[in-house]
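Here is a friendly walk through one protein model. Please keep the viewer open while you read.

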Amino acid sequence: MPVSRFTDSQKIDIVASHQQKESMRSIGRRLGTSHKPIIAVLREHGVPPVAWRVSGVKVPSGQRKVIAERYTDGESANSIAKDVGCCPLTVAKILAENGIAARDISAATRRLQLDESVFDNPSAEGRYWIGYLMADGCVHKDKRHDSWSISLVQTATDSAHVERFREFLGSGATISTRPASQPRMMPGGYVSVSKPPVHFSVVSKRLAEALIRYGVTPRKSKTAKVIGLESCPHFWRGAIEGDGIVTWHKNPSRPLPLIGLYGSLSLVRQFETFAKSVAPGIKAVPAPASRGSISGLRMVGKPIIPLIRALYDNAAVSLDRKWTVARLILAQDWSDPAPKTCEVSGCDRPHAACGVCKMHHRRLKKHGSPYIRMRVRGPC
Ligand SMILES: [Zn+2]
């Protein structure tokens, strides 16, 4: 509101009231405005604005009880103080006198819905999201406000998955779309065009602390290490879908399943241990794209089928496009074909060549038929 809005008499009143220790907010409220135009008027008249502290307000003992009750009923300390005409610190003192603990600041100031207990004792779905956040999420502490945020940034292709995460948290926060970054020329000479990312974040110290207990810590990309979920398939499915691959390896004779994980060296090692525990036959090789302190691991071929089965059987939640590939892989018949036997009826010797066993093959070569046992001798 411009300063000129006040009349001269109002300005005189403002200055006089302030000198009589009325707070700027209170004057502002009286004149239907905020404290800022009041400060401007005071400055205009060369009166230094002073933040008069509301102190020495004695709250009668009867009212003290009422204040404590109002706070336990959910009203904020600030709003009670404003109403009673005392300082919020006085309210805090009264609460302490009555043995009432102050509400957690994030719970007290929470405007949007959020289920903060989801990671306290996580379900299968919760463990999946811990893995997903381990790979692709971010836990961040804002030092100035001692507030913790958990965020997830994905390309627009996976926005449905971000929506699923939001539902899991029971959150009322919105998912925002950000503009795509400029196309970049890559070393190989091709131009990298990125899709616009979608961004989702919530603020919760309780969620962040629970995630940190499982190893999802701030600035974790180089040091990530899971604690307590090393052998949970739901966790590893989350990690793979966050920063890994489930796909077909283009083998010339027959496409083979391929699974891979990128991440810190310790996380990748932990995954290797898990993979070998469910599928002892697998051989893990470092992924070719290992870069700097980010490592990768790839496993190819039939021996990884038990691993894919462990990850994708009973999948409570999964990224659609990776789930589709995993389902196709598992739908194939990976059982060993029954060993072939000789085609000659009544013979069950193992197959050697041309559909018959060694003996019948020898007869076939010698006589032109596997049924002829010896040369028919002609007349002498
Ligand atoms: Zn035979």
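The report below goes from overall layout to local details.

## Overall layout

This is a predicted model, and its chain forms 15 helices and 10 strands. The radius of gyration is 36 Å, well over the 21 Å that the globule rule gives for 380 residues, so the protein is more spread out than a compact globule. Along the principal axes, the C-alpha atoms fill a box of roughly 150 × 55 × 30 Å.

Of the 380 residues, 28% count as buried. Among contacts with a separation of 6 or more, 59% are between residues 24 or more positions apart.

## Domains

The domain assignment lists domain 1 (3-44), domain 2 (61-103), domain 3 (233-331) and domain 4 (339-380).

## A crossing pair of helices

Two packed helices are described by the angle between their axes and the distance between the axes. For helix α4 (residues 61-72) and helix α6 (residues 88-97), the axes come within 9 Å and cross at roughly 90 degrees. Angles of 65 to 115 degrees count as roughly perpendicular, and α4 and α6 are therefore roughly perpendicular to each other. On the α4 side, the contact is made by Arg64, Ile67, Ala68 and Tyr71. The α6 side contributes Val91, Ile94 and Leu95.

Strands of a sheet pair through backbone hydrogen bonds, either parallel or antiparallel.

The partner of β1 is worth a look in the viewer. Strand β2 (residues 147-155) runs antiparallel to β1, and 6 bridges join the two. Asp142 has Ser147 in β2 as its bridge partner.

## A hairpin in the chain

Strand β7 (residues 244-249) and β8 form a hairpin, with 6 residues between them. The two strands run antiparallel and are joined by 6 bridges. His249 stands opposite Leu256 in β8.

Is β8 mostly covered or mostly open? Strand β8 (residues 256-264) is mostly covered, as 7 of its 9 residues are buried.

## Two residues with positive phi

Most residues other than glycine have a negative phi, and most peptide bonds are trans. Asn314 is not a glycine, yet its phi is positive, at about 60 degrees. Asn314 lies in the loop between α13 (305-312) and α14 (320-331). A residue is exposed if 12 or fewer other C-beta atoms lie within 10 Å of its own, and Asn314 counts as exposed because it has 10 C-beta neighbours inside 10 Å.

Cys354 also has a positive phi, about 50 degrees, although it is not a glycine. The loop between α14 and α15 (358-367) is where Cys354 is found. With 11 other C-beta atoms within 10 Å, Cys354 is exposed.

Notes:
Residues are numbered from 1 along each chain as its sequence is written. This is a predicted model: local features need pLDDT of at least 70, side-chain atom pairs count only at pLDDT 80 or more; totals for chains, interfaces and linings use all residues. Domain bounds come from an automatic or database domain assignment. A residue is buried if 20 or more other C-beta atoms lie within 10 Å of its own, exposed if 12 or fewer, and partly exposed in between; C-beta atoms are placed from the backbone. Helices (H or I, at least four residues) and strands (E, at least two) are DSSP runs, numbered from the N terminus. Two strands pair if DSSP finds at least two bridges between them. The radius of gyration is taken over C-alpha atoms; the globule rule is 2.2 Å times the number of residues to the power 0.38. Two residues are in contact if their C-beta atoms, placed from the backbone, lie within 7 Å. Axes are lines fitted to C-alpha atoms, for helices over the stretch in contact, and angles run from 0 to 180 degrees between N-to-C directions. Angles under 35 degrees count as roughly parallel, over 145 as roughly antiparallel, 65 to 115 as roughly perpendicular and the rest as oblique.
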